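Subject: Structure handover, with notes on pockets and surface

Dear colleague,

I am passing on the structure below, and my notes on its pockets and surface follow it.

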Amino acid sequence: IGRAEFEHASRATMSDYRFNRAFVSASRYVRLPVRRAVLAMRVQAGWVKALGSTNAAVGVAGGDPVLHPSRRFYAGGSQSVRGYGENQLGPRVLTVDPNLLRGRAVADGDTSFACGNTGPALVACFAQRSDSLADRDFVERPLGGTTLLLGSAEVRVPLGGPVVGALYVDGAV
């Protein structure tokens with residue numbers, strides 16, 4: 001089974017996010033002579049590049065061209081590299097709820113902020129509050145990547161009735 005996808009988004013397609021993207025996937029299933037076992041193999045590869053005109057179209061000044069997160073490649077999870085959380089294999093960034101940094105009180109409907117809302121005072125307040133953050137206050141968010149190479153091999157063996165055993169190896173970059 002094979003699949004190839006090619007995408008182009010530009011001013012000509014009336015897209016704000018402008019990019020070229022390619023993705024290919026191939027799978028093969030081979031029946032083995034031992035106990036009706038099946039060898040399943042899969043390989044996937046992807047590449048995406050944001051076009052320079054994206055920044056002007058979305059109102060970002062300078063810097064590298066912006067690529068919408070939905071067009072990036074992600075790996076990890078039950079349909080990718082098992083043993084990793086969904087989309088958690090690859091580049092990630094740590095985030096903190098801004099309300100924790102601002103010192104926002106939420107009890108009894110109070111929505112006041114201990115830190116100011118703008119300027120240097122806000123930055124100083126953030127720096128002071130960041131010392132009191134616990135590990136649980138940080139949340140990992142996947143960034144996705146601009147390239148993907150993923151491979152998987154699995155042997156599935158019927159064990160009796162509806163129960164099937166599987167040995168597998170997955171990997172991705």
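In these notes Ala, Val, Leu, Ile, Met, Phe, Trp, Tyr, Cys and Pro count as nonpolar, Asp, Glu, Lys and Arg as charged, and the others, Gly among them, as polar. Please bear in mind that this is a predicted model, in which local features need pLDDT of at least 70 and side-chain atom pairs count only at pLDDT 80 or more, while totals for chains, interfaces and linings use all residues. Residues are numbered from 1 along each chain as its sequence is written, and side-chain values use heavy atoms, leaving out hydrogens and water.

A pocket here is an open set of points on a 1 Å grid over the protein atoms alone, where a 1.4 Å probe fits, with protein on both sides within 12 Å along at least five of seven lines, and its lining residues have an atom within 4 Å of a point. The volume is the space filled by probe spheres set on the points, which are joined across faces, edges and corners.

The largest pocket holds about 240 Å³ of space, and its lining, which includes Tyr-29, Met-41, Arg-82 and Glu-154, has three nonpolar, five polar and four charged residues.

The second largest pocket holds about 200 Å³. Of the 16 residues that line this second pocket, Phe-23, Gln-44, Phe-73, Tyr-74 and Leu-148 are the closest to its centre. By class, the lining of the second largest pocket divides into five nonpolar, five polar and six charged residues.

Strands are DSSP runs (E, at least two residues), numbered from the N terminus, and Leu-149 has its place in strand 6, residues 147-160.

Best wishes

Terms used: Helix = DSSP H or I, 4+ residues; strand = E, 2+ residues; numbered from the N terminus.
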